[in-house]
Structures are given as C-alpha cells and as structure tokens.
Amino acid sequence: MTDILQRTSDGSHTLFSFEAGETYHSHDGAIMEAEHVYLRQAFETFADKGCLNILETGFGAGLNALLTMLESHKRNITVYYETLEPHPVSEEIYQSLNYCEMMKCDRQLFLNLHVAAFDQPLEMPPFTFIKRMVGIENFSTTRQFDVIYFDAFSPVAQPEIWTENIFRKLRQFLSDNGILLTYSSKGSVKKALRAAGFNVRRLSGAGSKHHMLKAIR
C-alpha cells in the first residue's frame, strides 16, 4: 500500500507508512520537528565551522535535506549531504508535499532532491547532495561526517536499526567530536548509544515530546 499524506499541527505535511505503522514526522509539526531536532543542533554545534559533512539515515519525504540545503544557502556554509533511502516515495507523493509552499522557497529546489539520480552528486552550491538506495545496514564509506541525522522509524517499528552494532558502525563514520542526532530518547536507545562508545546527552524534545538525544563521538 502507498504512503498516505497527512497534515501536521504546524500545517506541514507528513506521510503515514502502512509498512511501518507510523508517520514520518511528529503530528505536532513536521517542519517544527525537523528544525528543532536536526537543523538547530547541527548548525549551532558547528557554528564556527565553514563546512559540514552530514549523513542522513532515511531521506523519506526529503524535508531534512531541503531544510539543510536552505540553511546552507542562507549561511553560505559549504555542506556535503549524503542520504540513504532504500525505499523512495513515489512521484505522486513528493509532488503533493507542501514544504515549499509553507516556507516560501523555490519548489524546483525540493523536486531536484527527489529526481536526482542515485549515486550521482547534485551540485547546488554551496550545497552538494548525494542519495544512496541502500539502508544503513549495508552502507559503507570512507568519508568522515560531522553530523548524522538518525531519522529512522521508531525502535518499535524498526528495532533492528536501533542497536549497539548499528550505532557502533555509525560512530566510525563520525569525525572526532562529531554528533549523532535523533528524536528518540527511549532508554534502550540511550543504552545502545553508550555501549557503542558515545557520550549521550538528553535535550529538550520537539513539540509535546519531552526529550531528544545528542550523541557525541
């Protein structure tokens, strides 16, 4: 079954996945959550850095990538953005998403992310984007990242992703003092991150969610 478009409390769209049994974003606001959990932490943590390497686990609707691209342009910071998505959403779905209408940005910039060929860099200076049709379990790289957006479905829906082994693998992709950001603050997630060698900090969550996690290498 195809994903179903839903509107969140801030007016922005999310998708309900029948396979996962969950929405892609918080019902409190898709844009609100992405800005709070990922954008703010990434760009404030590395405010003095002239370039950022970011890895995203779960391109999904493309919202995190769009917001990061817009922030890169706004701050004139060079960003290399690599994202993993083994199950891309359909053209019918991404054509219906209202993110650019909500944020008053050029819609073609958003569409470019979805139509970009896999494994081929898309240059939108100072933002470079590359998409991989692979899950984190099968992904490998020699690149060192400053930030990982860990944006999988919940530990209930995808327990195989939120494990010590996966986090240990991701830790190797991070540069020293690099960070992993996620909306989940579940006890088992904190435990797995710490076991994988991260310094884990619990921060205020987005909307009605009490906490999120910032894990530091």
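Which residues does Asn53 touch, not counting residues up to four places away in sequence? Asn53 touches Tyr80, Arg143, Gln144, Phe145, Asp146 and Val147, where contact means heavy atoms within 4.5 Å.

Before I continue, a word on the source. This is a predicted model, in which local features need pLDDT of at least 70 and side-chain atom pairs count only at pLDDT 80 or more, while totals for chains, interfaces and linings use all residues. Residues are numbered from 1 along each chain as its sequence is written, and side-chain values use heavy atoms, with hydrogens and water left out.

Let me return to Asn53. Its place is in strand S4, which covers residues 51-57. Helices and strands here are DSSP runs, numbered from the N terminus: helices are H or I with at least four residues, and strands are E with at least two. Asn53 and Ile31 are 22 residues apart along the chain, and their C-alpha atoms are separated by 22 Å.

We turn now to Ile77. This residue is found in the loop between helix H2 (63-75) and strand S5 (78-84). Is Ile77 buried or exposed? Ile77 is buried, because its relative accessible area is 9%; buried means under 20% relative accessible area, exposed means over 50%, and partly exposed lies in between, with a 1.4 Å probe and protein chains only. Leaving aside neighbours within four places in sequence, Ile77 is in contact with Phe43, Lys49, Gly50, Cys51, Leu52, Ser72 and Pro126. Phe43 is 34 residues away from Ile77 along the chain, and the two C-alpha atoms are separated by 9.6 Å.

Two members of that list deserve a further remark. The first topic is Pro126, in the loop between strand S6 (122-124) and strand S7 (127-132). The peptide bond from Pro125 to Pro126 is cis, with omega near 5°.

The other topic is Cys51. Cys51 counts as partly exposed, because its relative accessibility is 40%. Cys100, by comparison, is buried, with a relative accessible area of 4%. How many disulfides does the structure hold? The structure holds zero disulfides, a disulfide being a pair of cysteine sulfur atoms within 2.5 Å. In general, a disulfide is a covalent bond between the sulfur atoms of two cysteines.

Next, the backbone. Lys104 is not a glycine, yet it has a positive phi of about 55°. Lys104 lies in the loop between helix H4 (99-103) and helix H5 (107-115), and it counts as exposed because its relative accessibility is 75%. Asp119 is likewise not a glycine and has a positive phi, of about 70°. Asp119 is found in the loop between H5 and S6, and with a relative accessible area of 42% it is partly exposed.

Angles under 35 degrees count as roughly parallel, over 145 as roughly antiparallel, 65 to 115 as roughly perpendicular, and the rest as oblique. H2 passes H5 in a right-handed crossing; a crossing is right-handed if the near helix is turned clockwise from the far one by less than a right angle, and left-handed if anticlockwise. On the H2 side the contact is made by Ala65, Leu66, Met69 and Leu70, and on the H5 side by Leu109, Phe110 and Leu113. These residues divide into seven nonpolar, no polar and no charged. Here Ala, Val, Leu, Ile, Met, Phe, Trp, Tyr, Cys and Pro count as nonpolar, Asp, Glu, Lys and Arg as charged, and the others, Gly among them, as polar.

The second pair is helix H6 (residues 164-173) and helix H7 (residues 187-195), whose axes come within 8 Å and cross at roughly 50°. H6 and H7 are therefore oblique to each other, and H6 passes H7 in a right-handed crossing. Glu164, Phe167 and Arg168 in H6 meet Val189, Ala192, Leu193 and Ala195 in H7. By class, this contact has five nonpolar, no polar and two charged residues.

Finally, Lys169 also has its place in helix H6. Lys169 is partly exposed, because its relative accessibility is 24%. Not counting residues up to four places away in sequence, Lys169 touches Ile136, Glu137, Asn138 and Phe139.

Definitions and conventions. Axes fitted to C-alpha atoms, helices over the stretch in contact; angles between N-to-C directions.
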